[in-house]
Amino acid sequence: MPSTDKVTPIRGNDLTLVDNKQAAQILQINEKTLTNWRSSGKSPKYVKVGRCIRYRLSDLTAWIEANSRNHTGEVA
């Protein structure tokens, strides 16, 4: 059985998808925080695959870049 500590993306057609747990690990936040952000519209873009929530690595990267700041007073 693969280790649950490392990200093991699902690959296909130039898309790399990760689940909620893996996305939380990438963002270094609690999985529940990411779930709450998704419910409130603050999370990175996500896709639904059936009942499953998946995040494209490219969307996580874009979200991180969009939320990068130079100082605390900077407006988004």
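**Figure 1. Packing of helices α1 and α3.** Helix α1 packs against helix α3 (residues 57-66) at an angle of about 35 degrees, and their axes lie 11 Å apart. Axes are lines fitted to C-alpha atoms, for helices over the stretch in contact, and angles run from 0 to 180 degrees between N-to-C directions. The model is a predicted one: local features need pLDDT of at least 70, side-chain atom pairs count only at pLDDT 80 or more, and totals for chains, interfaces and linings use all residues. Residues are numbered from 1 along each chain as its sequence is written, and side-chain values use heavy atoms, with hydrogens and water left out. From α1, Ala 23, Ile 26 and Leu 27 meet Leu 57, Leu 60, Trp 63 and Ile 64 of α3. The residues of this contact comprise seven nonpolar, no polar and no charged; Ala, Val, Leu, Ile, Met, Phe, Trp, Tyr, Cys and Pro count as nonpolar, Asp, Glu, Lys and Arg as charged, and the others, Gly among them, as polar.

**Figure 2. The largest nonpolar core.** Eight residues make up this core: Val 18, Ala 23, Ala 24, Leu 27, Leu 34, Ile 53, Tyr 55 and Leu 60. A nonpolar core is a set of buried Ala, Val, Leu, Ile, Met, Phe, Trp, Tyr and Cys residues joined through side-chain atoms within 4.5 Å. Two or more residues of the core come from each of α1 and β4 (52-56). Helix α1 gives the largest share, three residues.

**Figure 3. Surroundings of Ala 24.** Apart from neighbours within four places in sequence, Ala 24 is in contact (heavy atoms within 4.5 Å) with Ile 29, Asn 30, Glu 31 and Leu 34.

**Figure 4. The loop at Gln 28.** Gln 28 sits in the loop between α1 (20-27) and α2 (31-40). Although not a glycine, Gln 28 has a positive phi of about 55 degrees. The residue is exposed, with a relative accessible area of 73%; exposed means over 50%, buried under 20%, and partly exposed in between (1.4 Å probe, protein chains only).

**Figure 5. Order of the elements in the chain.** The protein chain has three helices and four strands, which follow the pattern β-β-α-α-β-β-α along the sequence. Helices (H or I, at least four residues) and strands (E, at least two) are DSSP runs, numbered from the N terminus. Of the 76 residues in the chain, 24% are buried.
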